[in-house]
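Work through the exercises below with the coordinates open. Try each task before reading its solution.

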Amino acid sequence: MLANLGRRIGTLFFGGSCFLCRGRAEDLLCRECDADLPRLEMDLCPRCALASPAGAVCGRCLAQPPHYDATVAALAYRFPADVLVHALKFRAELALAPFFAGLLSKKLAAGERVDFILPVPLSAGRLRERGYNQALEIGRGIARSTAARLAPELCERRRDTPAQAGLPLAERAKNVRDAFHCPRLLGGANIAVLDDVMTTGATLDEIAATLKRAGAARVVNWVVARTFPQVHR
Ligand SMILES: [Zn+2]
Ligand SMILES: [Zn+2]
């Protein structure tokens, strides 16, 4: 009875068709498309979420430890995850936010204690232009399933930076330097920073540095999708 009702409500919201293939679906995706999602199930570095044998901290993180302490990612940023992330970010397909929240929630360790969830802030200008912050929308769903409080006010983006995607890798760290600001002290808090995509990690590293300067004890990244470098050395 209830399952039936849920299905009918789902049909109302999603037109009964899969977001990706338009086939018959009871959820946002049909079973086949859902199975095609590039879920991250291989061994990953616990710190940066790139591939690492036996899930050990990778050489890059050992040689040059990032400011964040851990990274949890649900998907690899490739088809069809990239299509879904784009649809939420640029086409206001907000139904994807709780879907991503569900994927990410399943990956989160039950034992990890987090006080606050900070969605990566947009600049005031970009927020006006887009009308919503996709990371904040995803955060609403995750906050409901954890004890942590969604706290976008912990950190602000004080200047507009050119979009990271248009920059060569070496420029990205420079691009975000001093771009963030914590308006109050964070007194030993454990903070999860939430974003849709993690590419080089330059933005997340800068945010973690900013949070720790303000007194955060531990900073972990929760990201929906992780980009994997094409070239392995
Ligand atoms: Zn489908
Ligand atoms: Zn690593």
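**Exercises with worked solutions**

At 0% relative accessibility, Cys 18 counts as buried, where buried means under 20% relative accessible area, exposed over 50% and partly exposed in between (1.4 Å probe, protein chains only). This is a predicted model, in which local features need pLDDT of at least 70, side-chain atom pairs count only at pLDDT 80 or more, and totals for chains, interfaces and linings use all residues. Residues are numbered from 1 along each chain as its sequence is written, chains are lettered from A and ligands numbered from 1 in the order in which they are written, and side-chain values use heavy atoms, with hydrogens and water left out.

**Exercise 1. Characterise the site of the zinc ion (ligand 1).**

Step 1. Find the donors (N, O and S atoms within 2.8 Å of the metal, or 3.2 Å for Na, K and Ca; water is not among the atoms, so sites may look incomplete). The SG atoms of Cys 18, Cys 21, Cys 30 and Cys 33 coordinate the zinc ion at 2.3 Å.

Step 2. Check the angles. They run from 105 to 115 degrees among the four donor atoms, and the site is tetrahedral. For four donors, that label requires all angles to lie between 85 and 135 degrees. The ideal tetrahedral angle is 109.5 degrees.

Step 3. Read the spacing. Along the chain the donors follow C-x2-C-x8-C-x2-C. Cys 18 and Cys 30 both lie in the loop between α1 (2–14) and α2 (31–36), so the pair ties together parts that are twelve residues apart in sequence. Helices here are DSSP runs of H or I with at least four residues, strands are runs of E with at least two, and both are numbered from the N terminus.

Step 4. Cys 30, at 4% relative accessibility, counts as buried.

**Exercise 2. How many disulfides does the whole structure hold?**

Step 1. Apply the criterion: a pair of cysteine sulfur atoms within 2.5 Å. The search finds zero.

Step 2. Cys 155 is buried, at 2% relative accessibility.

**Exercise 3. In what order do the five strands of the open sheet run?**

Step 1. Trace the pairing (at least two DSSP bridges between two strands). The order is β1-β7-β6-β2-β3, with parallel pairing.

Step 2. Locate the edges. β1 (70–76) and β3 (149–150) each pair on one side only.

Step 3. Inspect one pair. Six bridges join β1 to β7 (residues 218–226). Ala 73 stands opposite Val 223 in β7.

How values were computed: Four donors count as tetrahedral if all angles lie between 85 and 135 degrees; four count as square planar and six as octahedral if opposite donors are over 155 degrees apart and all others between 65 and 115; anything else is irregular.
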